[in-house]
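User: Hi! Could you walk me through this model, one question at a time?

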Amino acid sequence: MIRPVNFGFNAETAVNNAFQVAGTDSSIQEKALKEFDAFADLLIKNRIDITIINDTPEPFTPDSIFPNNWISFHEDGTIILYPMFAANRRKERKEHVLDTIKHKFAVTELIDLSNYEHKHMFLEGTGSMVLDRDNKIAYTCLSPRTNIEALNKFCSVAHYTTTLFRSVDATGTPVYHTNVVMCVADKYVVVCLDSIPNKEEQENLIRTIKQTNKIIIAISLEQMHAFAGNMLQVINKAGEKLLILSSQAYHSLTTEQLDILKRYNRILYSPLTTIETSGGGSARCMLAEIFLKPL
């Protein structure tokens with residue numbers, strides 16, 4: 001997790017992130033920091049091992065709170081860096097972040113895909129792809145931030161297959177990231193099937209999920225916009241499975257949906273209103289899960 005110092009509305013990302021809302025609040029950074037700290041405290045109290053790294057004032061990185069887009073960590077010791085759509089988000093690849101990780105975890109290889117930025121091809125990490133790590137499937141919603149050539153390169157180096165689809169919100173606007181459409185957990189997948197207008201793509205997605213023996217929990221377009229698809233299942237130090245999401249996402253879910261989710265894991269939620277409104281991302285976006293082995 002990256003603790004922000006300059007959080008704010010990013011005009012460079014707003015061009016294709018319909019979840020962002022511009023505002024005039026001069027205390028956005030202060031409010032976002034309070035939300036971040038309360039969220040982190042909740043995770044720590046529930047015995048989740050988190051590595052918090054403070055962002056730096058320079059270079060200016062208003063979206064640094066969402067590290068899962070530019071970096072991912074893998075069980076074989078690999079770190080992968082990704083090509084970012086917005087020029088100011090490329091500056092989030094800061095050496096002190098990598099150095100902190102390398103001092104705490106065993107890293108065997110660093111794969112840098114950021115050169116695709118020179119071709120105007122982008123792949124924003126586990127925002128662009130929702131990874132089923134057990135089955136090596138990268139569920140991918142194509143968008144201006146998710147290029148198929150860059151995706152194929154990831155699949156080649158990480159040994160994944162991909163399931164592709166296109167997704168739109170209630171206004172017909174393309175959804176910018178896959179991780180607001182769906183969440184893959186150990187026994188279930190939360191997904192907004194209504195956001196996939198192409199029936200063939202929708203049926204292919206359903207078929208692929210069922211082949212992995214996971215149940216499907218469908219959410220509505222309204223729930224997707226409340227970030228109900230933007231959640232992450234983690235395991236704490238006691239081996240307990242926990243599902244992490246925002247308060248807005250939690251309260252958008254029906255009693256029936258929550259009952260199903262609670263069969264598989266305990267649920268943790270925290271208010272992230274400022275971060276969601278100005279940043280256009282939620283709880284899952286704030287967490288770059290680490291599968292590296294500790295030193």
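User: Pro59 is found in the loop between which two strands?
Analyst: Happy to start there. This is a predicted model, in which local features need pLDDT of at least 70 and side-chain atom pairs count only at pLDDT 80 or more, while totals for chains, interfaces and linings use all residues. Residues are numbered from 1 along each chain as its sequence is written, and side-chain values use heavy atoms, with hydrogens and water left out. Helices (H or I, at least four residues) and strands (E, at least two) are DSSP runs numbered from the N terminus, and the loop holding Pro59 runs between strand E2 (53-54) and strand E3 (71-73).

User: How many helices and strands does the protein have, and what is its radius of gyration?
Analyst: The protein has 11 helices and 14 strands. For 295 residues the globule rule gives 19 Å, and the protein comes close to that, so it is as compact as a globular protein of that length. Here the radius is taken over C-alpha atoms, and the rule is 2.2 Å times the number of residues to the power 0.38. The radius of gyration is 18 Å.

User: What percentage of contacts between residues at least 6 apart in sequence join residues at least 24 apart?
Analyst: A contact means heavy atoms within 4.5 Å. Among contacts between residues at least 6 apart in sequence, the share that joins residues at least 24 apart is 73%.

User: Which residues have the most contacts inside the largest nonpolar core?
Analyst: A nonpolar core is a set of buried Ala, Val, Leu, Ile, Met, Phe, Trp, Tyr and Cys residues joined through side-chain atoms within 4.5 Å; buried means under 20% relative accessible area, exposed over 50%, partly exposed in between (1.4 Å probe, protein chains only). The largest such core has 38 residues, and those with the most contacts inside it are Met182, Leu205 and Leu261.

User: Which element gives the most to this core?
Analyst: Several elements each supply at least two residues of this core, including strand E7 (137-141), helix H7 (199-211) and helix H10 (255-264). With 4 residues, the element that gives the most is E10.

User: Is Ile101 buried or exposed?
Analyst: Ile101 has its place in helix H4 (residues 95-104). Not counting residues up to four places away in sequence, Ile101 touches Ile53, Phe73, Ile79, Ile290 and Leu292. At 3% relative accessibility, Ile101 counts as buried.

User: What distance separates the C-alpha atoms of Ile101 and Pro294?
Analyst: Along the chain, Ile101 and Pro294 are 193 residues apart. In the model, their C-alpha atoms are separated by 9.5 Å.

User: What is the relative accessible area of Ser270?
Analyst: Ser270 belongs to strand E14 (residues 266-270). Beyond its neighbours within four places in sequence, Ser270 is in contact with Ala38, Phe39, Leu42, Leu245, Ser246 and Ser247. Ser270 is buried, and its relative accessible area is 4%.

User: Is His120 buried or exposed?
Analyst: His120 lies in the loop between strand E5 (109-112) and helix H5 (125-128). Although not a glycine, His120 has a positive phi of about 60 degrees. With a relative accessible area of 64%, His120 is exposed.
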